[in-house]
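Please look over the sequence and the model before reading on.

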Amino acid sequence: MRKSLLAIAFATLTTSITAWGATPPDTLVVAQSLDDAISFDPAQGFELSTVQSFNSLYQRLLQSDPNNPVDLRPTLASTWQAGADKHSLTFTLRDGISFASGNPIRPEDVIFSLARVVKLNLEPSFILTQLGWSAHNIDSQLSKVSANQVMIRWNADVSPAFVLSLLSAPVASIIDEKVTTAHQVQGDYGHQWLNTHSAGSGPFQIMRYIPHEVLLMTANAKAPTGAPKLKNILIKNVPEAATRRLLVEQGDADIARNLGSDQFSALQNKPGVTPVAVPIASLYYLLFNTKASPVLNNSAFWQASRYLFDYDGIANGLLKGQFSIHQSFLPDGYLGALKDTPFTYNPEKAKSILAKAGLKNVTFKLVVNNQPPYLDIAQALQASFAKGGVKVELLPSISSEISAKMASHQFDAAVTSWGPDYFDPNTNAAAFASNPEDGSSTLAQRANWHIPELTAATRKALTLSDNQQRAALYQKLQRQVQQSSPYVIGLQARQLIALRSNLKGYQQGMNPDMVFYNQVSK
Amino acid sequence: MGFTVSSITSTAGVRRLIQRLTGSILSLVVTLFGLLAFTFTLSHLSPVDPVLQLIGDHASASTYAQVRHQLGLDQSVIQQFWQYLRQLAHGNLGVSQSTGQPVLADLLRTFPATFELATCALILGAVGGISLALVSVWHPKSWIDHLARIVSLLGYSVPVFWFGLLGLLLFYAVLHWSAGPGQLDDLYLYTLTPKTGMVLIDSWLSGDRTMFFNAIAHLWLPVVILGLLSMASITRLLRAGLLEENSKEYVTLARAKGAGRWRIVWQHLLPNTRSLLITVVMLSYVSLLEGAVLTETVFAWPGLGRYLTNALFASDIPAILGATLVIGSCFILINALTDALVWLTDPRTR
């Protein structure tokens, strides 16, 4: 009897074992870390994993073409018209479109969605408040023109082209006012509810979300851009990259995100798996706090540092596949991005620049995130700077501690990364080449770098409507920053992912939000 | 050993038991208060800015000021602590900044996952550890004694995440004996209704036996890895205790009087080392309940250890305090239980 019971248990167990190795046919299973996820409300969500879901859950009036992100395509709006004063835009909504709830998409929804971002004043709200919008004036800046038209006005001196770029950012997602207000608590514009639910018109909607565990999205057949090909997207929290690799290798996940270069190399030539390095807009750079010591404020030291960064050794050796060499503040793929790479690793040249400036026995402390690839880069820099006679002491910390140190200027130098907030060159220009000295936390402000001329030029670029003129001005700004600034921009990242080979139609662009699941089939 | 359980059922015994219990509850409250005050102070001494962690580097100054006010960080530390205690008295542990959810809901979700893993690992660790220690005392310097020493040495010295990754590679990727990371296959994530938060029990209650076996197929590998860790500490400490006891004169006398090996083990060695045994097993349980963060990370197990670690990195003070409260309570309760068990079973301690 005991033997037969054991046999039954073993048989059942082996039956369940043999069932492993394939994901459900109607479901895309994605293995990634969800530990960063705080909010799925577009008015707050600014973490990688929530931003990556916004294209699936919500739509904007206009959005980047997945194949050519510089091209903004009408999405919920069919057309738009700039006002004669160049401080307004009138959008005409597409006919017969509706949210996942079945509610029609109206001008009131557009007004509600944009106004709540400004009134809630959460992390990504700064993208829209650049237009001079505030909780006090926003209601007067947005108005319904007709049953399918809405007018948007702004006070800031910026061109309609720039406003269109901002309105294509996830923070400008259009939300179902009726559903959201039904879940409003204490005048929070439905924020608490939207943290874990969705009320949009995207190709998917949130079916179930367990924080830091799983996000299950199910198809929205009523999506204005058409129903998606798969029924479900299941995003599992798998915090360890090595485990993600095993899952995709075994066929228990269709996509594994954010692999390290070692996992990526291990998956090359594995049957059934296609490793892909997606170029993304994150730049890795060295930043000096100019007030930390006179040496760190010396432009000769900045110049020497550009020859002590082992660009090729890191991008093509140490972290092969994970980076490309990039030395300007606009990532490749952005309007006006400068592709020149005038600097190479040359310790002798760096030594002569330092000697000419009378700088001897230079030493500085470098704060660095204690996670790969930051620590790998920092260690490579420590070795390459040592060859030029510069001693670098590494101070590994967790990312939140580094942010606090940089905000309070309690650091000498940092090696870190910058990712754009929306698809417009201003997102990086305003960080690297602008310090308005008004409390704005730009990178120039973190570096204590005072640059009134560059700040004014960055501001001026926003007023230009002509893309060629804008691109020319941004190129000039990039050259200036490239030649003399307390930054050494060295690398542009690639996101290493692995897909099951039977997967078709997956698209991922260079900005964090540019993840498209709607055309995926298997 | 003239001890019988009935002796504590007398009135005096009951009174003493009540006194001990009252003392334990008082010490629980005082210790938890001290623990909270200490953790709260430490959290505020941390160089991490919780506001920056929440809103990132790119947000505007007005957003920073608003969020700082919402988190109550513009008040003094004492005021913040007082507010926290007041809310706690109403059963409100606050809202986690890193999940956006009430801390209580997060704890009710993550603690059962850790409890399930820790309890299964402890059972394995205790059974394996006690057996190995007994056999190694039974046959000192035999191969099994060497095995016991190797197991305890390995368990102590090899990092658990490395064991975990190797285990996954061998049993999941190569041999396909384990169902891999996570608590259940994706298929069941749609259908399982959480009742207790423990997948093994929930899947059993659902009536779907295939799901239950799937839960076992996911659970056994992390249990074995953690069980090995627990087994190592239990074997090492118990083996030393048993060997020491084995060298005492009363054992030699018992042997001289012709007592068999089993009789010596069951009637002399084990009863005289029970305090040590209970303490070692309970300590191991506490350390498992604290959450095996590395094992939980490698096996994508949504437990308390990982929740607390994420909260620490994010300087998420409500979540840190909530998790500390749970772990502290476990520690104190298990300590009290250990004391009570030792007191009940070992007359020498009364």
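This is a predicted model: local features need pLDDT of at least 70, side-chain atom pairs count only at pLDDT 80 or more; totals for chains, interfaces and linings use all residues.

Residues are numbered from 1 along each chain as its sequence is written, chains are lettered from A and ligands numbered from 1 in the order in which they are written, and side-chain values use heavy atoms, with hydrogens and water left out.

## The interface

Chain A puts 53 residues in contact with 49 residues of chain B. Contact means heavy atoms within 4.5 Å. The area buried between the two chains is about 4,500 Å². Carbon and sulfur atoms give 58% of that area. Buried area is the accessible area (1.4 Å probe) that two parts lose on being put together, summed over both.

The rule finds three salt bridges across this interface. A salt bridge is a side-chain nitrogen of Lys or Arg within 4 Å of a carboxyl oxygen of Asp or Glu. Arg109(B) and Glu213(A) meet in a salt bridge, at 3.5 Å from N to O.

Several elements of chain A each supply at least two residues of the side that touches chain B, among them helix H1 (2-18), strand E1 (27-32), strand E8 (204-210) and helix H15 (399-407). Helices (H or I, at least four residues) and strands (E, at least two) are DSSP runs, numbered from the N terminus. By class, this side of chain A has 25 nonpolar, 18 polar and 10 charged residues. Ala, Val, Leu, Ile, Met, Phe, Trp, Tyr, Cys and Pro count as nonpolar, Asp, Glu, Lys and Arg as charged, and the others, Gly among them, as polar.

## Chain B

Chain B has 15 helices and zero strands. Its C-alpha atoms fill a box of roughly 85 × 60 × 40 Å, taken along the principal axes. Of its 350 residues, 49% are buried. Buried means under 20% relative accessible area, exposed over 50%, and partly exposed in between (1.4 Å probe, protein chains only). Among contacts in chain B between residues at least 6 apart in sequence, 71% join residues at least 24 apart.

Arg261(B) is found in helix H12 (residues 261-289). Arg261(B) and Trp138(B) are 123 residues apart in sequence, yet 7.7 Å apart in space, C-alpha to C-alpha. Neighbours within four places aside, Arg261(B) is in contact with Trp138(B) and His139(B).

Asp185(B) sits in the loop between helix H7 (160-174) and helix H8 (186-189) of chain B. Asp185(B) is buried but has no salt bridge. The nearest side chain of opposite charge is Lys236(A), 7.1 Å away. Lys and Arg count as positive and Asp and Glu as negative; His and the chain ends are not counted. The side chain of Asp185(B) does make a polar contact with that of His218(B), at 2.7 Å.

## Salt bridges within chains

A search of the whole structure finds 21 salt bridges over all chains. Three of them follow.

| Salt bridge | N to O distance |
|---|---|
| Lys339(A) and Asp332(A) | 3.6 Å |
| Asp424(A) and Arg470(A) | 2.8 Å |
| Glu245(B) and Lys248(B) | 3.4 Å |

Asp424(A) lies in the loop between strand E16 (413-418) and helix H16 (426-432), and Arg470(A) in helix H19 (residues 467-483), so the pair ties together parts that are 46 residues apart in sequence. Both Asp424(A) and Arg470(A) are buried. Lys339(A) is exposed, at 59% relative accessibility. Asp332(A) is partly exposed, at 35%.

## Backbone details in chain A

Most residues other than glycine have a negative phi, and most peptide bonds are trans. The peptide bond from Pro372(A) to Pro373(A) is cis, with omega near 0 degrees. Lys86(A) is not a glycine but has a positive phi of about 60 degrees. Asn448(A), also not a glycine, has a positive phi of about 55 degrees.

Terms used. A polar contact is a pair of N or O atoms within 3.5 Å; within protein, one must be able to donate a hydrogen and the other to accept it, and residues adjacent in sequence count only if both atoms are side-chain atoms.
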